[in-house]
Amino acid sequence: MFRNVFGRNPAEEGGEADSGDAQPPPVPSGTVSGVATGSGFDPTGLERAAKAARELDSSRNAREALAVVKEQERTKQAESRAKAAELEAYSRQLELEKVGKQAEENRQTLAKQAEQNAQLEVYKDKLERKRNEDNLRQQLEANRYLADENRQKEEESVARQEAIRRKTVEYEAELRQGTEIAKVRAEAEGRIAQERANHDLHVNSATVAARENRRTVLESIRLAGTTMGEGLKELLADKQRLATGVGAVSALALGVYGARAATGVFGRFVEARLGKPSLVRETSRLSPMAVARHPIQGARQIGKRLTHKTDTTGEGALSGIILHDDLEARLKRLAVATANAKRNRAPYRNVLLHGPPGTGKTLFAKSLAKHSGLEYAIMTGGDVAPLGRDAVTELHKVFDWAQTSRKGLLLFIDEADAFLRSRSNVEMSEELRSALNAFLYRTGESSDRYMVVFASNAPELF
């Protein structure tokens, strides 16, 4: 043990032991094998302790060992205090946690209590509202009942008053009717009596008036016959005067009928040049009347026409229209062919566009006319049938009007299947059949003045 503390064995300092184990002290007299033989006390341990104490005191490292022991003792005491402080901190932490848990429980208890109070208040408010609604409903029902009762009483009162008034009016009407009947009867009896008294006077007056009227009529007829006979005799006796009269009457009749025919022809010419036919609903063609009615819009359209260039590629006619590739290619070829026909003054091709509503048939027709340098006009096939026998005349007006276009006209006929049907259709009227024949006559050959674009949702009806 001392080797561990001081670094060497104290037996080595006294020279009593070598590098091996220390020799045990001599056994005093009166002992056997280290056991007291007298009173039973063994002093060997005390001796060894005393010897160790002497060796410790005589050692040069005794103070350092004591200092180390003190330091170890202080360290143990510090550790004990640290452990005590840790235990105290742990106990305080437990107390804080306990206080926190208790506070949390108190908070939850308060929240639960507040929630229960809120639910209780809501329930009370709900009950109060329901009670108020029930009271209001009962009050409304009572008011409605009172109103119905009052209205019923008023209706009964009005009905009674109306019955009294009706009876009064009927009674007054009966009295008035009796009075009138009596008055009329009295007047009739008076007139009858007067007529009976004046019958002879009236008969004589009528006879005299009839005889005078007959004499006047006979004299008028005799005078007119005499005058006409003398005039006709003089006219037949003078041949030159007879020829002049016949010529004047003939010239007058010819002038009247000629003026009527000239007025009709001039009116149709003015209508074809200045106006538009009644079948045309929309057109881009400018007329003097349209320019005079809307000068700003007319001047703008004239400026656009002066700066417009014919599109020979067909791209502009399809701008803003989304189509399938094959259909787009076909319509582009059609636009190019129309533009080339316009440029070379060749006859135009008539076209049929068919498809469901809203697929862009009208839009394409307008765009084709615009980018080909043509004017366009839009009419509807449904407007032809209601015209009846006037349909033929109106169709001729449309095509005569189209012939006068200087730039060329694209005539777009929407819902063309409304009147352009097979002539074998038994349901077609005679007026519509005549209109179809007139249309086929005007479109039988291609024209360099106009092209016709048909639009239909049912092409199988053509």
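Where is the place of Leu-410? Leu-410 sits in strand β6, with helices (H or I, at least four residues) and strands (E, at least two) taken as DSSP runs and numbered from the N terminus. This is a predicted model, so local features need pLDDT of at least 70 and side-chain atom pairs count only at pLDDT 80 or more, while totals for chains, interfaces and linings use all residues. Residues are numbered from 1 along each chain as its sequence is written, and side-chain values use heavy atoms, with hydrogens and water left out.

With a relative accessible area of 0%, Leu-410 is buried (buried being under 20% relative accessible area, exposed over 50% and partly exposed in between, with a 1.4 Å probe and protein chains only). Beyond its neighbours within four places in sequence, Leu-410 is in contact (heavy atoms within 4.5 Å) with residues including Ala-365, Leu-368, Tyr-376, Met-451 and Val-453. Val-453 is 43 residues away from Leu-410 in sequence, yet their C-alpha atoms are 7.0 Å apart.

On to the aromatic rings. Searching the whole structure turns up four aromatic pairs (rings of Phe, Tyr and Trp, the last by its six-membered ring, with centres within 6.5 Å; planes under 30 degrees apart count as stacked, over 60 as edge-to-face and the rest as tilted). Phe-419 and Phe-439 make an edge-to-face pair, at 5.7 Å centre to centre and 85° between the planes. Phe-419 lies in the loop between β6 (409-414) and α11 (430-442) and Phe-439 in helix α11, so this pair ties together parts 20 residues apart in sequence. Phe-419 counts as buried at 0% relative accessibility, as does Phe-439 at 3%. Ring pairs also join Phe-399, Phe-419, Phe-439, Tyr-450 and Phe-454 into a cluster.
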